[in-house]
Amino acid sequence: MASLSAREQAYQTIRSRIITMELKPGDPLNDRELAEQMGISRTPMREALIMLNIAHMVDIKPQSGTHVAPIDLKRMELEQFARFTLEKEILNRVRGRLTDQQEQEYRQIIENYRLLEADLTQPNRETRLLELDNQFHRKAFEITGMEAHFDHMLSELQHVERIRKFSLQTNENKSVCAAHTRILEMVLHGTADELGEALESHLNRYKLSVEQARSVHPEYFTEG
């Protein structure tokens, strides 16, 4: 059990460092050094890297060693399609059914995002913005008692999550509050088609981040 716990800890730690772009595509990963940093043995670290390789976040090649994998654009599209399909279904289950309290909780999340976005002095600002974004999208899953589905979905968004780090550094990120407000208005008063369009428009914004990131760091990406 201790070994399993150390492996999971190593997996989550390295995954988080990759998603936040602390570890960038192409960076070498030395299992001995990483194990020493975390104070664990090399065996659970090797196992964690193998798990990350299966998740397409790490490349393990006998000749060249272990490196952070590039962001796979084809897999990113698959992840986004799966997310859109599931989230649209959940949102339609709460469409037209929000209580006044639930609506106010949604609006408070949007306001918290707006305030944090405007204050560049806040510590851990980018990480907290991502958490608020997730909080908004998770809300409908919580209302329907399906938050476990959201958590599982988020854990599978290996490549999409990495590009979200770039989005926080671009002008298109400024549209998040407006997009979230539009989605909420469609949940309150819109049709299923209008809600789907609002969600799709919001989730597809990642393509703008990809274009900007590729113009600066083309080596971070692969077409699969």
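A: The second largest cavity is lined by 10 residues. Nearest its centre lie Tyr-113, Leu-130, Asp-133, Leu-168 and Arg-205. Two elements give two or more residues to this lining: α6 and α8. Helix α6 gives the most, with 3 residues. The second largest cavity holds about 40 Å³ of space. By class, its lining has 5 nonpolar, 2 polar and 3 charged residues.

This is a predicted model: local features need pLDDT of at least 70, side-chain atom pairs count only at pLDDT 80 or more, and totals for chains, interfaces and linings use all residues. Residues are numbered from 1 along each chain as its sequence is written, and side-chain values use heavy atoms, with hydrogens and water left out.

Some terms next. On a 1 Å grid over the protein atoms alone, a cavity is a set of points where a 1.4 Å probe fits but cannot get out. A pocket is an open set with protein on both sides within 12 Å along at least five of seven lines. Lining residues have an atom within 4 Å of a point. Grid points are joined across faces, edges and corners, and a volume is the space filled by probe spheres set on the points. Nonpolar covers Ala, Val, Leu, Ile, Met, Phe, Trp, Tyr, Cys and Pro; charged covers Asp, Glu, Lys and Arg; the others, Gly among them, count as polar. Helices (H or I, at least four residues) are DSSP runs, numbered from the N terminus.

How many cavities of 30 Å³ or more does the whole structure have? The search finds 2. The largest has a volume of about 120 Å³ and is lined by 14 residues. Nearest its centre lie Val-160, Arg-164, Leu-203, Arg-205 and Tyr-206. Helices α4, α6 (125-143), α8 (158-167), α10 and α11 (206-216) each give two or more residues to this lining. Helix α8 gives the most, with 4 residues. The lining divides into 4 nonpolar, 5 polar and 5 charged residues. Arg-205 is named among the residues nearest the centre of both cavities.

Now the largest pocket. Its volume is about 340 Å³. It is lined by 14 residues, and Ser-16, Ile-19, Thr-20, Asn-134 and Glu-161 are the closest to its centre. Helices α1 (2-19), α6, α7 (147-156) and α8 each supply at least two residues of this lining. It splits into 3 nonpolar, 6 polar and 5 charged residues.

The axes of α4 (residues 73-94) and α10 (residues 192-203) come within 10 Å and cross at roughly 145°. Axes are lines fitted to C-alpha atoms, for helices over the stretch in contact, and angles run from 0 to 180 degrees between N-to-C directions. The crossing is right-handed. That label applies if the near helix is turned clockwise from the far one by less than a right angle; anticlockwise is left-handed.

Contact means heavy atoms within 4.5 Å. From α4, Gln-80, Arg-83, Phe-84, Glu-87, Lys-88, Leu-91 and Asn-92 take part. They meet Ala-192, Leu-195, Gly-196, Leu-199, Glu-200 and Leu-203 in α10. These residues divide into 6 nonpolar, 3 polar and 4 charged. Leaving out residues up to four places away in sequence, Asn-92 touches Arg-97, Ala-192 and Leu-195. The C-alpha atoms of Asn-92 and Glu-200 are separated by 13 Å, with the two residues 108 apart along the chain.
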